[in-house]
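Please take the chains one at a time before turning to the places where they meet. The paragraphs below are meant to be read with the model open beside them.

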Amino acid sequence: MLAWIPLFPLIGFLINGCWYAFFQAPVGGRKAHATLPGIIASLSIFASFILSLLLFLQLKDMPAEARVIEQTVFNWMHIGGSSGFHLDMAFRLDSLNTLFTLVITGVGTLIHIYSIGYMSHDATPGRFFSYLNLFCFAMLMLVLGASLPVLFLGWEGVGLCSYLLIGYWYTDDEKASAGKKAFIVNRVGDFGFLLGMFLIFTTFGSLDFVALKTAFISGHGALAAIPAGVSPGTITAICLLLFVGCMGKSAQIPLYVWLPDAMAGPTPVSALIHAATMVTSGIYMVARLNFMFSFSPTALGVIATVGAFTAFFAATVAIAQNDIKKVLAYSTVSQLGYMFLACGVGAYTAGVFHVITHAFFKALLFLGAGSVIHGMSEEQDITKMGGLRTRMPVTFAVFAIGWLAICGLPPFSGFFSKDEILWQAFSSEHGSIFLWALGAVTAVMTAFYMTRLFYLTFLGQPRFKEVAGPGKSHAAHDSHGHDSHAKPKDGAIHVHESPLSMTGPLMVLAVLSAVGGLIGIPHMSWLEKWLEPVIPEAAEAATHMVPSMEWVLMGVSVLGAVLGIAYAFNLYKDLAKAAKLKQRYAGLHKILENKWYVDEFYQGVIVRPIFNLSQALWKNFDVAVIDRVVLGFGRVTQWTGQSARTIQTGSIQVYAFVLLIGLVASVGYLIYGLV
Amino acid sequence: MALSEFQVEPWLVLAFCSAIFFIGLAGLLIRRNILVILMCIELMLNAVNLTFVTFSKIHNHMGGQMSVFFIITVAAAESAVGLGLVIAMFRTVRSVDTDEIQLLKQ
Amino acid sequence: MDISPVFFYVFAALAIGFSLSVILKKNPVGNAFSLVMVFFAFAGIYAILGAHLIAALQVLVYAGAIMVLFIFVIMLLNADEPSFDMGRSHIGIKIGAGTLCAILFCTFVWAIKESPINIPAGRFTPEAIQASGGNTQVVSELMFSEYILPFELTSVLLLAAIVGAVAIAKRKLGKN
């Protein structure tokens with residue numbers, strides 16, 4: 001039954017994909033309607049969700065230690081004899097990945113439904129929904145895989161779908177190259193992942209998670225020590241190589257550059273893949289292999305530092321961005337940094353907790369942004385928005401909840417998870433006041449830039465020209481296509497609230513964002529108890545602080561968030577004041593606006609030299625040497641054939657005569673041998 | 001029988017066979033009429049048949065005669081198809097001259 | 001070999017003479033009739049070699065069926081047409097072919113004469129054949145026992161040849 005969780009989306013993919021490929025693509029995809037493929041796709045992922053829910057309940061009824069459901073689908077490969085390499089296509093559901101499965105299928109279902117409305121004017125919805133379903137299949141395989149190769153299969157599958165969906169509107173050159181960038185940058189990370197996997201196999205001789213974990217368990221059943229014969233250096237190397245893979249997939253410094261560009265894809269894609277699910281697979285892997293990471297303080301230190309710096313760095317960039325999706329993208333990078341910070345200080349539960357809450361509120365924010373973009377006729381610049389509160393009331397309300405959640409105000413979900421991370425960064429044995437300070441400053445900045453985004457979008461005065469008489473054309477909206485309310489010549493736009501298929505999922509996500517944090521209230525955390533079998537208490541860093549400190553820090557972080565919000569409100573109430581501030585720090589603002597010139601740096605240091613080298617090799621070696629040799633062979637052959645074909649006279653007698661000469665020669669040879 | 005005192009040497013029969021065979025081969029080479037070429041092929045086949053029968057006789061073994069039986073069958077099939085081809089060729093180029101069909105010419 | 005030299009020499013002379021006529025005569029009808037004579041001469045040699053069934057088949061299949069086929073085709077194609085007037089092959093090929101054939105023939109004769117012919121005691125001595133009912137019976141029994149598989153295969157071959165010959169020679173449907 002377990003295998004059906006990933007299989008349902010695969011079936012949806014096949015139906016939509018075949019339908020598109022055989023019936024729509026040949027006629028250019030015109031006249032396609034989003035409803036039918038959308039419903040098929042949504043139903044298939046919804047079926048997975050129901051199944052995940054059933055299996056979750058089944059797990060819940062089991063005793064804590066035995067919460068495992070396993071299914072081997074088929075024997076993938078078998079090399080060598082009975083002692084050789086044996087690999088099954090096996091899925092295993094336990095308390096960790098059941099949470100991921102629920103989030104993926106649940107949020108996935110909502111986003112699929114949302115896409116029906118969002119993609120209603122697209123020319124090729126069948127293609128879109130088949131990609132989306134394929135992504136869900138790969139993602140579910142990633143989290144359900146019982147061994148690293150199966151996980152890797154999903155890992156590559158989600159990378160492929162990410163590429164396909166970022167470049168979904170591939171006729172736009174910029175979007176197509178954004179897809180390529182994501183794919184290539186991920187490749188760098190995947191290389192590290194593969195090396196790590198090879199090293200695990202040569203060290204432990206197995207790639208199955210349970211088998212690996214057993215290697216770390218002593219006779220008493222507790223995580224004891226590094227297995228005999230394995231040096232700590234090897235463990236560190238493995239962990240760092242795997243983390244390189246996470247850097248690529250989960251957008252950490254220095255491989256984060258693809259994620260902001262990935263916003264070129266449709267907004268539901270950004271919400272599902274580049275905020276809620278795929279980018280968190282790095283955290284999933286670290287949490288899954290926590291028994292290994294815990295034995296390498298060096299690797300944990302690297303992870304925590306990289307995570308903290310990524311969180312801080314991305315937040316600084318987000319402050320100065322004007323594109324609504326770019327702000328959210330950098331915010332995602334920043335939040336992913338938080339999650340790695342948590343994992344790096346040994347607080348895997350906190351990391352997973354943040355993955356879940358982040359999936360809720362970031363999906364909500366992205367979909368809300370999508371709704372805004374949809375309502376604003378594809379306008380993404382927040383400096384040209386403002387005052388949408390009255391025009392899009394539902395979007396405004398749900399976005400507000402998402403905003404409060406990401407800012408970390410109680411009792412919204414973001415507060416609990418972020419606070420848990422900050423507390424662990426401060427108090428755990430791997431943590432330090434430095435990491436905490438970076439996280440806390442980031443939290444304040446997060447509150448600031450999210451408030452800026454929120455204020456500029458929804459509050460204040462409209463900064464765009466509006467079509468007169470919105471009420472009249474509003475009613476006509478649903479029956480008309482995008483073209484009917486495209487921007488008129490004078491740049492005026494008709495702002496409208498999105499249809500129910502879009503606002504419905506938004507409302508559900510808003511509720512989840514509001515209450516999702518309740519599963520992890522400090523000191524009575526349901527989540528911690530639930531994850532115990534996978535992330536044992538021993539792996540969790542033991543705190544060595546006085547408990548009252550926790551409340552103080554909590555107060556500090558809430559205060560910081562409130563201060564950030566208040567400052568942003570104050571600043572953007574009067575745009576002239578904001579402009580003056582910008583003027584004063586023009587240099588810094590320019591650096592931030594240009595994202596610290598990291599893209600330019602990569603362009604100059606990595607892309608340009610490789611490009612030039614390739615260019616030189618192409619011109620001087622490929623064309624000058626290889627091509628000439630190959631063409632030379634061709635010419636020699638051609639010349640030989642040209643001269644040899646004169647032998648072909650077509651006369652049967654000549655042929656027979658040549659045959660006779662051959663006969664004489666053979667007989668002569670035989671006679672010669674005889675004599 | 002008085003004449004049976006005169007024996008025919010086996011090599012003489014075989015030499016006769018090769019004589020017929022090479023007459024056929026020479027005809028194959030010097031004639032351009034496709035019908036005659038087919039006849040020459042029949043000549044060569046017959047020469048081979050006779051060789052088989054001679055060896056059958058020399059060795060007191062029936063395999064040679066059996067082979068001849070099958071060769072006759074193949075020859076019949078061959079001339080049926082060959083003559084069919086001649087008709088088809090004649091219908092196409094209005095001639096049975098092999099120089100008229102030089103489609104393999106460069 | 002215990003065969004009559006007189007008959008052999010007569011038949012051999014006939015065969016060589018008529019086969020030369022086959023390749024040298026210009027008229028295809030003449031060629032065909034020379035060929036019939038060669039076939040008859042061969043049938044005679046088969047008979048004196050003791051292969052009676054083969055001799056009969058030679059007359060029936062070669063001199064009968066195949067020759068009739070040839071004559072039919074010649075008649076069908078109107079042998080009187082000038083296209084049948086051949087014999088202008090390249091002189092070089094003529095001489096070359098003649099020389100090479102002569103060389104090969106001499107080599108063959110020399111090789112045949114020099115090679116020792118071992119005579120193992122085969123089962124089918126003339127006496128044994130006589131005892132088991134004559135050549136035809138022996139051949140027939142072998143054909144339906146030891147050689148049954150190739151025998152059956154020849155039927156398939158003949159069927160294929162029939163279909164092939166019809167398919168090649170028939171007019172295309174629709175073209176009058």
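This is a predicted model: local features need pLDDT of at least 70, side-chain atom pairs count only at pLDDT 80 or more; totals for chains, interfaces and linings use all residues.

Residues are numbered from 1 along each chain as its sequence is written, and chains are lettered from A and ligands numbered from 1 in the order in which they are written.

Chain B contains three helices and zero strands, where helices (H or I, at least four residues) and strands (E, at least two) are DSSP runs numbered from the N terminus, and its pattern along the sequence is α-α-α. Of the 106 residues in chain B, 56% are buried, a residue being buried if 20 or more other C-beta atoms, placed from the backbone, lie within 10 Å of its own, exposed if 12 or fewer, and partly exposed in between. Two residues are in contact if their C-beta atoms, placed from the backbone, lie within 7 Å; among the contacts in chain B between residues at least 6 apart in sequence, 46% join residues at least 24 apart.

Chain C has seven helices and zero strands, and reads α-α-α-α-α-α-α along its sequence. Buried residues account for 28% of its 176 residues, and of the contacts in chain C with a separation of 6 or more, 55% come from residues 24 or more positions apart.

How do these chains meet? In chain C, 73 residues are in contact with 64 residues of chain B. On the side of chain C that touches chain B, at least two residues each come from helix H1 (5-24), helix H2 (28-48), helix H3 (52-76), helix H4 (91-114), helix H6 (135-143) and helix H7 (148-169) of chain C, and H4(C) gives the most, with eleven residues. By class, that side of chain C comprises 58 nonpolar, eleven polar and four charged residues, where Ala, Val, Leu, Ile, Met, Phe, Trp, Tyr, Cys and Pro count as nonpolar, Asp, Glu, Lys and Arg as charged, and the others, Gly among them, as polar.

H4(C) itself has 24 residues and reaches 34 Å from its first C-alpha to its last, close to the 34 Å expected at 1.5 Å a residue, the expected span being 1.5 Å times one less than the number of residues. C:Ala97, C:Cys101 and C:Leu104 are buried in H4(C), and the cover over the buried residues of this helix includes helix H27 (652-674) of chain A together with helix H1 (10-30) of chain B.

Chain B also meets chain A, with eleven residues of chain B in contact with eleven residues of chain A. The side of chain B that touches chain A has five nonpolar, three polar and three charged residues.

Within chain A, the axes of helix H13 (residues 297-319) and helix H14 (residues 324-344) come within 7 Å and cross at roughly 160°, which makes H13(A) roughly antiparallel to H14(A). Axes here are lines fitted to C-alpha atoms, for helices over the stretch in contact, with angles running from 0 to 180 degrees between N-to-C directions; angles over 145 degrees count as roughly antiparallel, under 35 as roughly parallel, 65 to 115 as roughly perpendicular and the rest as oblique. The contact of H13(A) with H14(A) has 18 nonpolar, seven polar and no charged residues.

Further along chain A, eleven of the 15 residues of H17(A) are buried, so this helix is largely enclosed by the rest of the structure; among them are A:Phe396, A:Trp403 and A:Cys407. Just after H17(A), A:Gly408 takes a positive phi of about 90°.
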